[in-house]
Amino acid sequence: MKLTINKKLFLNSWGLTERSASSAGSVSILSSILVKADFDSVTFHATDIKTSIICRAAGVTVVEPGEAVFPVKMVSDLFKKTPGEEFSLDIKDGRVTLKAGRSKYNFSTYPVREFPALPSSDSADVFCAISAAELARALDEGTLAASSGEEFPLYLSSANLLISGEKLSVVSTDTRRLALSSAAVSGGADGQAALLPMKGVKELQRILASLSPETEVSVLFDSAQFYFKTDSLEFTVRRVESKFPPYEKILPKSSTLTVVTDRGELISALERVDVIVRDFNRMVVLDVVPDSTVILRGKAPDFGQAREEVAAEAQGEGLRIAVNSKFFLEALKVLRDPEVMLSFNGQSGHMSVKRSEGEDFLCLIAPINLSEDELKMFDSEPGTDGI
């Protein structure tokens, strides 16, 4: 195999692929990239068993077709640091000769026969078709509540994807909050659902960020895998063998209080309160009075307390409620809208974070249960109680 390579274009495709190669473990063949070259195209193949990718390479001219398996760790750095804008690769009998200007390197490849066969979507069923931008948004918002580690039960660290009519919904929960985001799709397989591990979803999100927003992504599935396919790549994620709980039962059907306010101002105020409470209990107390402001309070023993006011439009019954400041901030920051709507179902009900217009995002945050006496402790103003 002989290749002439445009370094900049080549590294874009190579970098996208190498993230799916295994970075740890004793099986060295998984820490590699299989390169298949013919006169029509060049493709990169990588896998860590749980995910895999096939990516069409850019910036490669094939002088002589063939196949080779490159060890990622050393070769990636060498490719990135070669001098000039072009270099060539000549692979023969498992040995590579790299030439770039007056530089020349020789190194070994792995046997092609040892590289594992990757899952194929050739016989997979269609789940839906969606633009890269809309899929990225739904995943960003809908996976907000997923746990970052591999927890048990498995659905806690997974994203649930389901099709209802021509709508894709992405749902996650860590039991203390729930996030739900939806997007319009075409060709949806109505009623189909699957759990995908967050590690694979995170990598999918990075891939989507590298694509043009209007790129169409075909989502396919079989009994073991989910496939995300574009004209230039196919990314595969192994499904989680578990079921997501019936979350619909906790979705609010009414509210006793709704608040619409400026999202940026609320984030700024909440971040300042969080400075006080983040090393203590991450608890912020919200006071909402209809036709008035939203007051945010935080207190930490032996440190201090904070009080912030944010202008808002509130309708319904006033209340005081305590929530986790980290969860609240994350829900606000995942949105890109200028305004946000908060809704409540009394002091013991979940707080809902939504767009001020539209029904395609919802984050439910469970309140922190405090007694009336504990809530009254927040009545004093900073500097008046000696704290």
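Phe-79 touches Lys-7, Phe-10, Leu-11, Trp-14, Phe-70, Phe-87, Leu-89 and Leu-98, leaving out residues up to four places away in sequence; contact here means heavy atoms within 4.5 Å. The model is predicted, so local features need pLDDT of at least 70 and side-chain atom pairs count only at pLDDT 80 or more, while totals for chains, interfaces and linings use all residues. Residues are numbered from 1 along each chain as its sequence is written, and side-chain values use heavy atoms, with hydrogens and water left out.

Phe-79 also belongs to the largest nonpolar core, which has 65 residues; Phe-70, Phe-79 and Phe-228 have the most contacts inside it. Such a core is a set of buried Ala, Val, Leu, Ile, Met, Phe, Trp, Tyr and Cys residues joined through side-chain atoms within 4.5 Å. Buried means under 20% relative accessible area, exposed over 50%, and partly exposed in between, with a 1.4 Å probe and protein chains only. Another core, of 40 residues, lies apart from it, and includes Ala-145, Ala-179, Phe-328 and Ile-365.

Aromatic rings come next. Rings of Phe, Tyr and Trp (its six-membered ring) pair if their centres lie within 6.5 Å; planes under 30 degrees apart count as stacked, over 60 as edge-to-face and the rest as tilted. The count by this rule is 16 aromatic pairs. The pair of Phe-79 and Phe-87 is stacked, because the ring centres are 5.4 Å apart and the planes stand at 25°. Both of these residues are buried. Phe-127 and Phe-221 instead form an edge-to-face pair, with 5.9 Å from centre to centre and 80° between the planes. Since Phe-127 lies in strand 10 and Phe-221 in strand 15, this pair ties together parts that are 94 residues apart in sequence. Phe-127 is buried at 1% relative accessibility, and Phe-221 is buried at 9%. One aromatic cluster is formed by Phe-10, Trp-14, Phe-44, Phe-70, Phe-79, Phe-87 and Phe-107.

Helices (H or I, at least four residues) and strands (E, at least two) are DSSP runs, numbered from the N terminus, and two strands pair if DSSP finds at least two bridges between them. Strand 10 and strand 15 (residues 216–221) pair in the antiparallel sense over 6 bridges, and Ala-129 stands opposite Ser-218 in strand 15.

Because 5 of its 5 residues are buried, strand 24 is largely enclosed by the rest of the structure. Strand 24 pairs in the antiparallel sense with strand 23 (residues 339–344) over 4 bridges, and 4 bridges join strand 24 to strand 25 (residues 361–365), also antiparallel.
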